[in-house]
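Subject: Handing over a structure

Dear colleague,

I am passing this structure on to you, and below it I have set out what I found when going through it. Please read the notes with the structure open beside them.

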Amino acid sequence: MIDISAEQLGFGIAAISYFIFALLILTTKSNSVQRGLLFAFSVVSVVWAGYYAWSLQLPYVNSGSYLVENSRNLLLSLFLLAALKHHGDWQNFFLNKSVIATLLGFVLWTAVGLNHWMSQHLIYVGNLLIAILQLAILEAIYRKTNVQQRWQFKPLLIALAVCILFDFVLLAESALFARIDSHLWQARGFIFTLMIPFLVIAIRRIEAWGINVYISRDIVLQSTLVMAAGVYLLLLAITGFYLRYIGGSWSELLQTSFIVLGFALMLLLVLSGTIRRRLKVFIEKHFFANSFDYREKWLALTSGLKQIDISHVDRHHKILQVWLQSINYGKGAIVQYRPQGELKILALHGRAPLTEAEVTLLQRYQSQYANQNWQIDLTEPQGALTADLAKDQLKLQLLLPIRTKAGLWGVCIMQAGNEQKLQLNWELRDYLSVVSEQIATLLLLMQHSDKLSENAQFIAFSRMSAFVVHDLKNVKAQLDLTLRNAQKHRHNPEFIDDTFSTLESMQQRLDNMLLQLTTKQSNERPQRSFSVAEIISQVIEQRCAVKSPQPELIVRQDCQLMLDQHRFANVMFHLLDNAQHATPSTGSIKVYMQTTSTDLLLNICDTGCGMSADFIEHRLFKPFDTTKGNAGMGIGVYDAQVFIEQAGGSIKVSSTIGEGTTFSIHLPLQSEVDEEETTYLSAQGTL
């Protein structure tokens, strides 16, 4: 079994504590002289404490102990001089006369001790004088600091004064009796360790040094529990010293009771969640400027909100959970105000539906605070807001408004157990206001997203309906042509056969249009090979004969295409029909068709009124923009462009006002329609 003495334990703990303290200072970004000297002092203190924990030597008895003691005193003195006066940078600091004198004095004093030029008694007296000078500098720092800033330096002065006074007492007794008191020496490591928290508090307070050491609340809580255990051990030690110097003895009953009570208190601190929570709240209130670790809280809030799928059905419940976690509450609800004073519960967590008293409370809140961003804490008197309402029916503590530019959108109500309840002070109000604004923005984003999704569905249906109406116009044109020809050819058997064939084709088209309207998607027709010249001829003869001038097809070389035959016919009809509307009856419309080894080339040329370059660029291919008034839908050319580009081709227009227009169409002979584009346009109703 390893035998560890009290002084080893004390200096070992001191070495670890100074090491952690040095790491804390190292994480800061300040380049001040004070920060550098304090870091050097901490590192030397680690070596100093480690040396005594390892060697079991007394101070000033050999070269090693003399060197670590003098090094520590030198850096402490330099740090005190830097704290006494602002020197700017390192060069100005080391050029200061007092700093130069201190460095020379310690070099000379170290040489005296290492070469044994003085007796041990005088060594103790000399170091006693150093302690007195350090206390004088501490007193000067306190007096030089103005009254408003003294609270910043008090922890520093207390920590260093206790350490220096302890060394003063140790050295004074050593100088008188020419020996080191073993009991004081064993307590030295523990005393210096207990002063480190004061140093941490001091450097956090002193803004002029720019040393911003961050310590989380959890670390402080755990350190507090360890300190409580240390206080318990200290009580045991004080009792032991009392019995040793005053007299008396432990009774079995007292000894057993003291030990059992101590372990019970330690277990209570470690295992009791309630006491730990209350202790944490106490620490946050009295040892931190803010009640919350806002960095961690904000990171948790943004992370929680980022993981919410705003299209999912439980999105409001997820938002409520994140909102409650922002202040560690366990119960709540999000309620939206609807027209006519109705309330819509969007989410509940950890609680039952609203009681009648709570509904009345929320309605009163809406009427009284509709124009105010006022947070309510029901643990405080609320006057008319809660008048005549049963308190046992109000199962909430906090009422937080959700506001938009239009006014009060809704509220969030929160409840927690008695241990977790927070007082709605100025800090909590500001924090909850920021959180509420962030969450209110997300709630409004979700609401607008729902509206956009709904509008997109209506737009898709409207677009599809527009194309259906456009096709209905084409069907009507075929019926008009059939009825006109019936006056002359009703007794012609060939005409009757053509009429029935046309009616069958129109019935199929009407069925397709009705299917689009009922299923909100197009009835996709299979692609098949067809003769381009034959289809264009049918369009001219069957669908364009009702108007003048009659288009003329000039085929230089026919070809086969693998496309939707019906849609290709519709596109050609749209373009020819537009040319007929733009061309006087005395004009001409010619369709030139030729092929290359890879492409089909179609040129539709008319001698109509023509179009300006601005019209072609900004209006020609824009859907629902027409020059025909109520007679047109403005989607024929747009549909032609979409179909041709789907097939991998292109359409270009050249026109001169007063002379005519030419549509140039290029289609690959081996067409590969973009499936993704086709699917999208099918959903929009363009196919």
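This is a predicted model: local features need pLDDT of at least 70, side-chain atom pairs count only at pLDDT 80 or more; totals for chains, interfaces and linings use all residues.

Residues are numbered from 1 along each chain as its sequence is written, and side-chain values use heavy atoms, with hydrogens and water left out.

On one side, β9 pairs with β7 in the parallel sense over four bridges, where two strands count as paired if DSSP finds at least two bridges between them, and L553 has V591 in β9 as its bridge partner. β9 also pairs with β10, in the antiparallel sense and over seven bridges, with M593 facing L602 of β10 as its bridge partner. These two strands, β9 and β10, form a hairpin with three residues between them.

Both pairings belong to an open sheet of five strands in the order β7-β9-β10-β12-β11, whose pairing is mixed. The edges are taken by β7 (552–555) and β11 (650–656), and because each has a single partner strand, one side of each is left without a neighbour in the sheet. From one strand to the next the twist averages 15°, with axes taken as lines fitted to C-alpha atoms, for helices over the stretch in contact, and angles running from 0 to 180 degrees between N-to-C directions. At the β11 end, seven bridges pair β11 with β12 (residues 660–668) in the antiparallel sense, and S655 stands opposite T661 in β12. Helix α19 (residues 565–582) packs on this sheet and touches β9 (589–595), β10 (599–606) and β12, its direction making about 25° with that of β10; contact here means heavy atoms within 4.5 Å. Helix α21 (residues 636–646) packs on the sheet as well, touching β11 and β12, and its direction makes about 25° with that of β12.

Another open sheet of five strands has the order β2-β1-β5-β4-β3, with antiparallel pairing. Here β2 (343–349) and β3 (376–377) stand at the edges with a single partner strand each, so that one side of each is left without a neighbour in the sheet. Strand β1 (residues 331–337) is joined to β2 by six bridges, and Q336 has K344 as its bridge partner in β2. Helix α14 (residues 315–325) packs on this sheet, touching β1, β2, β4 (398–404) and β5 (407–415), and its direction makes about 60° with that of β2. Helix α15 (residues 356–368) packs on the sheet too, touching β1, β2, β3, β4 and β5, with a direction at about 140° to that of β5.

Two loop residues deserve a look, N328 in the loop between α14 and β1 and D388 in the loop between β3 and β4. Neither is a glycine, yet phi is positive in both, near 60° for N328 and about 65° for D388. N328 is exposed, with a relative accessible area of 51%, and D388 is exposed at 80%; by relative accessible area, buried means under 20%, exposed over 50% and partly exposed in between (1.4 Å probe, protein chains only).

F530, by contrast, lies in strand β6 (residues 528–531) and is buried, with a relative accessible area of 4%. Leaving aside residues up to four places away in sequence, F530 touches I535, C559, Q560, L561, L563, Q565 and F568. C559 counts as buried at 10% relative accessibility, whereas C609 is partly exposed at 45%. A search of the whole structure finds zero disulfides, a disulfide being a pair of cysteine sulfur atoms within 2.5 Å.

With kind regards
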